[in-house]
Amino acid sequence: MHWIEGIVQGILLGGLYAQYALGMALMFGVMKIVNVTHGDLVILLALIGISFADFAGLGPWSVLATLVPIGAAIGWLLQRAMLNRVVGNDPLPSLIATFGLSIALQNAMLVVWSADTRSLSGGGIQQASIEIGPLFVGVLPLIVLICATLLTGGLDAVLRFTRYGRSLRAASADVEAAAMVGVNPKSVYATATAIAVGILGFAATFQAMRSTVAPADGPFQLIYAFEAVIIGGLGSIWGAFTGAMILGVSQAIGFRINPGFGILAGHIVFLAVLAIRPQGIFQRKS
Amino acid sequence: MSYRVERMTTSGRIALLIGAVALGAIISMPWWASQGLIRDVITLACYIAVAQMWNMLAGYGGLVSVGQQAFVGVAAYAMFVLAQTFGVNPFVAVGLSLIAPALLAVPIYLLLHRLEGPYFAIGTWVVAEALRLVATNMPLVNGGAGMSLRVMTQFSAHERAIAGSILAALLLLVTVGGSYLLLRSRYGIALTAMRDNPVAARSQGVDVQRLRFWIFVAAAVGTGFAGAVYFMVQLRITPPSAFSMEWANLAIFIVMVGGIGSIEGVLIGAVIYFFADRWFGEYGASYLIVLGLLTLMTALFFREGLWGLWRRKFDAPWFPTRRTLVQGDR
Amino acid sequence: MSLLSTHGLIAGYGDMRALHGIDLVVNPGETVALIGANGAGKSTLLRSIMGLLPVAADMVQLDGAPVGGTQPHRMVQSGVAIVPEGRRLFAGMTVEENLRVASEHAAAPQGQPWTQERVYDLFPILREKARTNVENLSGGQQQMVSIGRGLLAQPRVLLCDEISLGLAPRVVREIYEALPQVTAQGTALVLVEQDVGLAQRASQRLYCLLEGRVTLEGRSEDISRDDISAAYFGASHALD
């Protein structure tokens with residue numbers, strides 16, 4: 001019972017991690033870059049959302065509805081103003097540029113919001129739970145998981161069936177050839193980053209509702225996103241989703257073994273996957 | 001008519017002389033410098049060493065790591081355990097502790113080298129995080145409470161100053177001097193070729209994977225050496241300080257602002273970082289915002305750094321590695 | 001007025017200059033062949049026109065307006081498309097999806113637009129393979145997709161880079177037999193071709209490149225074998 005509960009908790013936690021991981025998988029898939037500020041943007045959006053709730057009296061769902069477009073705008077701007085200059089074969093410039101931005105962003109948040117941990121009030125939804133068989137499952141974590149599943153399915157459908165999705169897949173396969181048939185790579189990239197950071201608007205709202213956020217937390221979210229993407233297999237949206245579930249379960253079970261061991265268990269599973277199956281568990285044949 | 005290959009330049013000879021004098025000055029510090037100055041110089045030497053090792057990785061090996069703190073922490077902890085728990089002479093322990101990063105670097109490289117460029121970097125970060133958590137949960141190193149190097153009290157302040165100064169000089173000799181020798185050797189040509197174009201280097205018979213592996217291990221040892229020396233002087237270690245992101249941060253700032261792919265750049269960058277930290281460190285977050293933005297700007301607009309800018313104007317390398325064909329007999 | 005032209009076009013890779021002042025003219029609806037040995041600069045020329053290499057604006061003109069150095073996707077939108085060397089299909093996507101990407105980012109069509117159906121009529125085998133991933137096609141079929149992709153960009157001039165390379169003679173014939181249907185509606189073709197005879201037969205005018213310079217140009221049917229071999233191998237150079 002103890003373990004089944006752990007697994008269920010882990011899958012629910014994985015729903016949150018999937019929301020971090022989707023955007024990273026998308027951006028790496030098309031541009032081969034990692035945005036080191038990925039986690040910091042979750043925190044930034046969460047803090048913005050909490051301030052909205054505090055000063056404008058917005059409820060959690062209004063916060064969500066505000067943060068997604070704000071995230072998309074931030075992502076679009078980030079790509080246009082900065083990342084488009086550093087996309088290329090050399091991984092160094094994009095990594096260093098976003099690394100520098102990450103430090104600046106963390107400290108800027110520290111100046112604006114101080115080091116306090118904050119959270120977003122959900123108006124009672126945090127305490128609600130439903131009984132499924134012998135288990136009590138929190139309503140909020142369940143919403144998060146459903147939301148993650150819908151986001152993953154939606155993103156997958158966009159990539160498969162829309163004009164934008166086709167142009168993105170073409171640019172991932174061969175960016176120069178895509179440009180040669182009329183695709184504007186920079187605008188594909190800007191939209192990809194806008195989607196990636198827009199999804200972080202969901203992640204930020206749920207993170208702030210489920211637990212707390214503080215300006216220095218970003219690197220952890222970045223690492224969880226990264227681990228989920230690698231565990232699941234590069235370049236696959238559902239792979240990132242499943243990787244997030246595996247990471248969540250690993251952490252939840254680790255936590256049950258020893259509270260100090262939870263996060264570490266996730267790292268260990270990540271390293272084990274790298275050792276045993278470096279292409280990721282769900283990597284499609286290339 | 002005869003030709004010969006020339007590598008040394010006048011500027012290089014002057015720099016070599018200044019370097020030798022500087023090392024001599026560092027070793028003799030206990031007899032002329034204040035405790036504070038000695039501490040500062042040792043700290044600066046550690047910065048230079050960590051940054052130069054990162055420079056070898058990212059600037060030549062094409063291995064961008066943001067997890068070098070893993071090796072700082074592991075070597076420093078190994079040193080503390082050997083000296084404090086097992087009673088090994090601390091100065092001997094610094095030497096022995098270098099085995100730990102060397103051994104650790106092997107599996108880390110084997111695991112992570114499969115990850116593409118930027119993912120390799122985040123992978124190193126995960127490893128460093130994992131090691132921090134291991135240290136936090138490990139009774140042998142007193143967990144999250146950290147350790148103090150109480151055994152150092154058996155030595156007088158003067159004795160500690162002598163050891164620290166010698167270690168700092170040795171650290172610079174090994175990391176900066178060692179890098180320079182490596183770059184001047186036949187491996188240096190391969191490394192420079194690899195920096196400029198790994199695919200072409202591979203097609204010219206450079207075993208890129210093998211070279212990368214050895215650079216990764218060597219950089220781990222050099223970085224670990226700096227960590228062991230740094231925390232020996234600090235006398236205290238905790239998991240957050242040993243495995244701090246600050247190490248990656250400072251290495252990246254120093255190398256990028258100074259000029260990646262050059263030893264001169266590291267020296268310039270390290271001095272800038274050291275004084276910036278001294279003068280503006282009290283501003284805390286605002287100072288770090290500026291530091292982060294400077295790193296960002298360098299990566300965007302200014303990729304060759306200060307040394308690259310200087311080099312465009314003056315061809316006077318301090319550490320010449322280029323071979324020049326000169327006409328006439330010696 | 002010529003449709004597409006280059007004027008003293010100079011281009012290269014880094015420090016290495018590959019083209020030393022190329023003057024090329026392409027008129028509406030005509031087929032122009034570019035021949036020359038490996039490394040003569042033929043592909044570099046097409047890439048420069050397409051905006052894949054940096055060149056000065058007035059070195060490439062479209063309808064008399066300077067377009068040199070314009071980004072490739074904008075060149076497509078103004079009516080210049082390329083069938084690139086090595087086919088460069090989008091792996092992981094089906095034939096239909098490859099074609100669709102092109103038609104979804106095409107220029108405004110002149111005259112009767114190219115449709116997926118018309119491409120399938122041109123290369124019937126592609127209709128059968130519409131739902132196959134492109135990496136599972138034969139070389140010839142891949143080349144057909146690449147040409148189809150170029151056509152669906154609705155170009156006024158289509159640059160074809162070595163479309164016969166590595167294909168069986170029968171497939172080459174099949175592809176070349178389809179080309180008149182392309183020019184029939186006013187689309188100009190620029191064919192980079194290794195097979196000199198084929199190039200001569202398929203084109204109205206011909207340019208021969210040697211070491212980044214034009215060494216011969218003229219009406220394809222007027223040029224003799226000897227002229228070509230002199231221009232191709234640089235015999236005149238040797239006599240200097």
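Contact here means heavy atoms within 4.5 Å. This is a predicted model, in which local features need pLDDT of at least 70 and side-chain atom pairs count only at pLDDT 80 or more, while totals for chains, interfaces and linings use all residues. Residues are numbered from 1 along each chain as its sequence is written, chains are lettered from A and ligands numbered from 1 in the order in which they are written, and side-chain values use heavy atoms, with hydrogens and water left out.

**View 1. How the chains meet.** Chain B and chain C do not touch, and their nearest C-alpha atoms are 13 Å apart. Two pairs of chains do touch, and chains A and B make the most contacts among them.

**View 2. The six-stranded sheet of chain C.** Helices (H or I, at least four residues) and strands (E, at least two) are DSSP runs, numbered from the N terminus; two strands pair if DSSP finds at least two bridges between them. In chain C, the order S6-S7-S8-S3-S9-S10 makes an open sheet of six strands with mixed pairing. Strand S6 (80–83) and strand S10 (213–219) of chain C are its edges, each pairing on one side only. On average, neighbouring strands of this sheet are turned by 15 degrees against each other, direction ignored. Inside the sheet, S3 (residues 31–36) and S9 (residues 205–210) of chain C are joined in the parallel sense by five bridges, and C:Val32 has C:Arg205 in S9(C) as its bridge partner. Helix H9 (residues 225–233) of chain C packs on the sheet, touching S3, S9 and S10 of chain C, with its direction at about 35 degrees to that of S9(C). Such angles run from 0 to 180 degrees between N-to-C directions, along axes fitted to C-alpha atoms, for helices over the stretch in contact.

**View 3. The four-stranded sheet of chain C.** Here the order is S2-S1-S4-S5 (chain C), an open sheet with antiparallel pairing. Its edge strands are S2 (16–26) and S5 (65–66) of chain C. Strand S4 (residues 60–62) of chain C runs antiparallel to S5(C), joined by two bridges, and C:Gln61 finds its bridge partner in C:Pro66. H1(C) packs on this sheet, touching strand S1 (4–13), S2 and S4 of chain C, and makes about 110 degrees with the direction of S1(C).

**View 4. A hairpin in chain A.** Strands S1 (residues 129–132) and S2 (residues 135–138) of chain A run antiparallel, with four bridges between them. A:Ser129 stands opposite A:Gly138. Two residues separate the strands of this hairpin, and A:Gly133 in the turn has a positive phi of about 60 degrees.

**View 5. Two helices of chain B.** H4 (residues 90–97) and H5 (residues 99–112) of chain B pack at an angle of about 15 degrees, with their axes 5 Å apart. The contact includes B:Leu96 of H4(B) and B:Ile99 of H5(B).

**View 6. An aromatic pair in chain B.** B:Tyr47 and B:Tyr273 form an edge-to-face pair, 5.3 Å centre to centre with 75 degrees between the planes. Rings of Phe, Tyr and Trp (its six-membered ring) pair if their centres lie within 6.5 Å; planes under 30 degrees apart count as stacked, over 60 as edge-to-face and the rest as tilted. B:Tyr47 and B:Tyr273 are both buried (under 20% relative accessible area, with exposed over 50% and partly exposed in between; 1.4 Å probe, protein chains only).
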